[in-house]
Amino acid sequence: MTHHKLCFHWLVKQRSQGFTLAEVLASILVISLFTIAAMQAIVVAAFFQADARKFAEASHWIQDDLENIKIVAYDLCQTKFAQRKLAASAQSTDTTLTLALIEPGESDYDQAMPPEYRTGGACPVTSPTDGFRVGDRVLIGSDSGTRQITAITGNTITITPSVGGYRGVGTRVYARCRIQPNETNGIDGGFGAYLQTLIPPLNSNNNNRPIVNDTFTLTRTPTTRAEAPFQTLELAYSVRNSNNRVVAQLSTEVVPNAFFRCP
């Protein structure tokens with residue numbers, strides 16, 4: 001009994017004297033370790049949150065630009081690129097052709113074009129050469145190869161090489177829609193190359209944007225697929241920060257809506 005009373009009095013005495021220096025230092029050390037770990041977790045969480053925001057805004061930037069290109073691709077009017085016909089016969093050595101519009105009711109044109117895409121509809125054609133450009137490749141009748149347009153004057157086009165054979169009045173002249181599978185330069189006359197020339201360029205005025213206290217740069221690399229019928233435009237996007245680190249990227253393809261209206 002006496003022994004238990006002594007132990008009790010010793011404990012009471014120890015408690016009344018408070019914590020020792022070693023105990024206090026150990027407590028401070030433990031608290032410090034927990035505080036440091038918590039702060040590190042907060043810093044890491046903030047870092048990942050900032051990265052997530054950068055990725056989200058960069059991705060939206062890419063998507064906005066892509067949607068603008070899709071609008072251009074959708075608005076391409078098919079009737080400007082489908083068919084014309086010779087208004088006058090051409091000899092084998094001729095390099096200048098006079099074109100005429102194909103009127104509604106002429107079989108292949110009428111069958112291929114829905115009403116809203118015919119002359120005078122949603123995509124009106126103002127002249128037989130409307131929609132043609134220097135550098136385009138056209139197919140004359142049932143030729144096995146195309147001819148390239150070198151000049152356009154009024155209703156006439158100048159081509160190279162020459163026709164290569166007699167072509168009568170009414171012979172069809174196809175642009176863009178009828179590039180042949182064996183064409184080596186058909187890429188020049190396809191819808192993909194045409195769309196590429198119409199999309200707004202990226203330059204120092206519109207390819208930089210501040211995102212989360214940093215300056216980011218958008219890069220868009222268009223490539224026309226060199227496969228018949230040459231209608232696909234490939235787009236490779238990347239957004240980089242000021243340290244040239246890629247934050248977001250995307251590879252996709254765009255096909256102009258007009259291609260699907262081809263006869």
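This is a predicted model: local features need pLDDT of at least 70, side-chain atom pairs count only at pLDDT 80 or more; totals for chains, interfaces and linings use all residues.
**View 1. Salt bridges across the structure.** Count them up and you get five salt bridges in this model. As a reminder, side chains of opposite charge can pair when their charged atoms come close. The views below take you through several of the residues involved.

**View 2. Arg-53 pairs up with Glu-57.** Here the closest N and O atoms sit 2.8 Å apart. Both residues belong to helix H2 (residues 21-75), and because they are four residues apart, about one helical turn separates them. Arg-53 is partly exposed, at 49% relative accessibility, and Glu-57 is partly exposed too, with a relative accessible area of 28%.

**View 3. Asp-65 meets Arg-220.** The N to O distance in this salt bridge is 2.9 Å. Are the two partners buried or exposed? Asp-65 is buried, at 10% relative accessible area, and Arg-220 counts as buried at 13%, because the cut-off for buried is under 20%.

**View 4. Lys-70 and Glu-67, back in helix H2.** These two form a salt bridge with their closest N and O atoms 3.8 Å apart. They're three residues apart, about one turn of the helix. Lys-70 is partly exposed at 38% relative accessibility, and Glu-67 is partly exposed at 35%.

**View 5. A salt-bridge network.** Which residues take part in the network? Arg-225, Glu-234 and Glu-253 are the ones linked by salt bridges here.

Conventions. Residues are numbered from 1 along each chain as its sequence is written. Side-chain values use heavy atoms; hydrogens and water are left out. A salt bridge is a side-chain nitrogen of Lys or Arg within 4 Å of a carboxyl oxygen of Asp or Glu. Helices (H or I, at least four residues) and strands (E, at least two) are DSSP runs, numbered from the N terminus. Buried means under 20% relative accessible area, exposed over 50%, partly exposed in between (1.4 Å probe, protein chains only).
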